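Work through the exercises below with the sequence and the model at hand. Each task is followed by a stepwise solution.

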Amino acid sequence: CQEELNETLRTELPETGAQQDILRAEADRVREYAKNNVEQAREQQRKFEELRAQKQQRLQEQEQTAQTLLEELTKLVAQAESKADAANAATAPLNDGQEKGDIEMLK
């Protein structure tokens, strides 16, 4: 596109006579404006991609943390259940007679 503009300015600008300097200045101004817009768009795209990558990284870290915590919680629950079962088994001989008495009292 820039080559086409340069070719057009090279071939057509000399035919503009007295307005040649004004038209060249305007063409240079517009070219610079377009160049700046393209650079801004690229910079915005780069920043967007950078933010998207950071967000994805945070999401992966949060998912990993959640998975780790879930595994830890599962282990702790299993340990608690095991200890509760052991406590029930240890106190079972003490409760044998009392359970029957409690049932009789409820009647």
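**Exercise 1.** Does E26 count as buried, partly exposed or exposed, and at what relative accessibility?

Solution. The model is predicted, so that local features need pLDDT of at least 70 and side-chain atom pairs count only at pLDDT 80 or more, while totals for chains, interfaces and linings use all residues. Residues are numbered from 1 along each chain as its sequence is written, and side-chain values use heavy atoms, with hydrogens and water left out.
- Step 1: the classes are buried (under 20% relative accessible area), exposed (over 50%) and partly exposed (in between), with a 1.4 Å probe and protein chains only.
- Step 2: E26 has 35% relative accessibility and therefore counts as partly exposed.

**Exercise 2.** Find the salt-bridge partner of E26 and state how the two residues are spaced in the helix.

Solution.
- Step 1: a salt bridge needs a side-chain nitrogen of Lys or Arg within 4 Å of a carboxyl oxygen of Asp or Glu.
- Step 2: the partner is R29, with 2.6 Å from N to O.
- Step 3: E26 and R29 are three residues apart in helix α2, so about one helical turn separates them. Helices here are DSSP runs (H or I, at least four residues; strands are E, at least two), numbered from the N terminus.

**Exercise 3.** Describe the salt bridge between R10 and E7 and the exposure of each partner.

Solution.
- Step 1: the side chains of R10 and E7 meet at 2.8 Å, N to O.
- Step 2: both residues belong to helix α1, and because they are three residues apart, the separation is about one helical turn.
- Step 3: R10 counts as exposed at 55% relative accessibility, whereas E7, at 38%, counts as partly exposed.

**Exercise 4.** How many salt bridges does a search of the whole structure find, and which residues are linked in a network?

Solution.
- Step 1: the search finds five salt bridges.
- Step 2: one of them joins R52 and E49 at 3.0 Å, N to O.
- Step 3: E43, R46 and E50 are linked in a network.

**Exercise 5.** Which residues line the largest pocket, and which helix gives the most to the lining?

Solution.
- Step 1: on a 1 Å grid over the protein atoms alone, a pocket is an open set of points where a 1.4 Å probe fits, with protein on both sides within 12 Å along at least five of seven lines; lining residues have an atom within 4 Å of a point.
- Step 2: C1, Q2, L5, R31, E32, A34 and K35 form the lining.
- Step 3: α2 gives the most, with four residues.
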